[in-house]
Amino acid sequence: QVQLVESGGGLVQAGGSLRLSCAASGSIRSINAMGWYRQAPGKQRELVATITSGDRINSADSVKGRFTISRDNANNTVYLQMNSLKPEETAVYYCKVEVVFTTSRGAYLYWGQGTQVTVSS
């Protein structure tokens, strides 16, 4: 099993910044892709940004130039630095990780519990 602990959400004014963190723990051999997604009320969950074990990044066009995803492999943690936030980016932000365990083959996907980001106008 994997435990994912998200932190860093909160209330910020438009134009402000937040940094989200998601730390994975458990019997982890390695983590392949790590990513952030968000879901606003009444909308589908959408990709924000992902980063592979080789640091290849994919991000939504709407966040390019403002959000930065990064990872700390030693601590199994993924970060999302969010700058110039907009009110329409109010949502629950979820991390997702693809984990390879020490005790088995294959990779498994896990979602964090979500952290609320509210951007006021």
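This is a predicted model: local features need pLDDT of at least 70, side-chain atom pairs count only at pLDDT 80 or more; totals for chains, interfaces and linings use all residues.
**View 1. Thr77 sits in strand β8.** Strands here are DSSP runs of E with at least two residues, and helices are runs of H or I with at least four, numbered from the N terminus. Thr77 has a relative accessible area of 7% and is therefore buried; buried means under 20% relative accessible area, exposed means over 50%, and partly exposed lies in between (1.4 Å probe, protein chains only). A polar atom of the Thr77 side chain lies 2.9 Å from the backbone oxygen of Asn75. Beyond residues up to four places away in sequence, Thr77 touches Cys22, Ala23, Met34, Ser70, Arg71 and Asp72; contact means heavy atoms within 4.5 Å.

**View 2. Strand β3 pairs with β1 and with β8.** Two strands pair if DSSP finds at least two bridges between them. β1 and β3 run antiparallel to each other, with six bridges. β3 and β8 are also paired in the antiparallel sense, over six bridges. To find your way, look for Glu6, whose bridge partner in β3 is Cys22.

**View 3. A disulfide joins Cys22 to Cys95.** A disulfide is a pair of cysteine sulfur atoms within 2.5 Å, and here the S to S distance is 2.0 Å. Cys22 belongs to strand β3 and Cys95 to strand β9, so the pair ties together parts that are 73 residues apart in sequence. The torsion about the S-S bond is about 40°, which means that this disulfide is right-handed. Cys22 counts as buried because its relative accessibility is 1%, and Cys95 is buried with a relative accessible area of 0%. A search of the whole structure finds one disulfide, so this is the one to look for.

**View 4. The largest nonpolar core holds 32 residues.** A nonpolar core is a set of buried Ala, Val, Leu, Ile, Met, Phe, Trp, Tyr and Cys residues joined through side-chain atoms within 4.5 Å. Which residues touch the most other members of this core? They are Trp36, Leu80, Met82 and Tyr93. Several strands each supply at least two residues of the core, including β4 (28-39), β5 (46-51) and β11 (115-120). The largest share, six residues, comes from β9. Zoom in on Leu80: setting aside neighbours within four places in sequence, its contacts include Leu18, Trp36, Val48, Phe67, Ile69 and Tyr93.

**View 5. Tyr37, Tyr94 and Trp111 form one aromatic cluster.** A pair of aromatic rings is described by the distance of the centres and the angle of the planes. Rings of Phe, Tyr and Trp (its six-membered ring) pair if their centres lie within 6.5 Å; planes under 30 degrees apart count as stacked, over 60 as edge-to-face and the rest as tilted. There are four aromatic pairs in the structure. In one of them, the ring centres of Tyr94 and Trp111 are 6.4 Å apart and the planes stand at 85°, so the pair is edge-to-face. Tyr94 lies in strand β9 and Trp111 in strand β10 (residues 107-111), so the pair ties together parts that are 17 residues apart in sequence. Tyr94 is buried at 14% relative accessibility, whereas Trp111 is partly exposed at 39%.

**View 6. Phe101 and Tyr108 make a tilted ring pair.** Their ring centres are 5.6 Å apart and their planes meet at 50°, so the pair is tilted.

**View 7. Lys64 lies in the loop between β6 (57-59) and β7 (67-72).** Lys64 is partly exposed, because its relative accessible area is 48%. A polar contact of 3.1 Å joins its side chain to that of Asp61; such a contact is a pair of N or O atoms within 3.5 Å, where, within protein, one must be able to donate a hydrogen and the other to accept it, and residues adjacent in sequence count only if both atoms are side-chain atoms.

Key: Residues are numbered from 1 along each chain as its sequence is written. Side-chain values use heavy atoms; hydrogens and water are left out.
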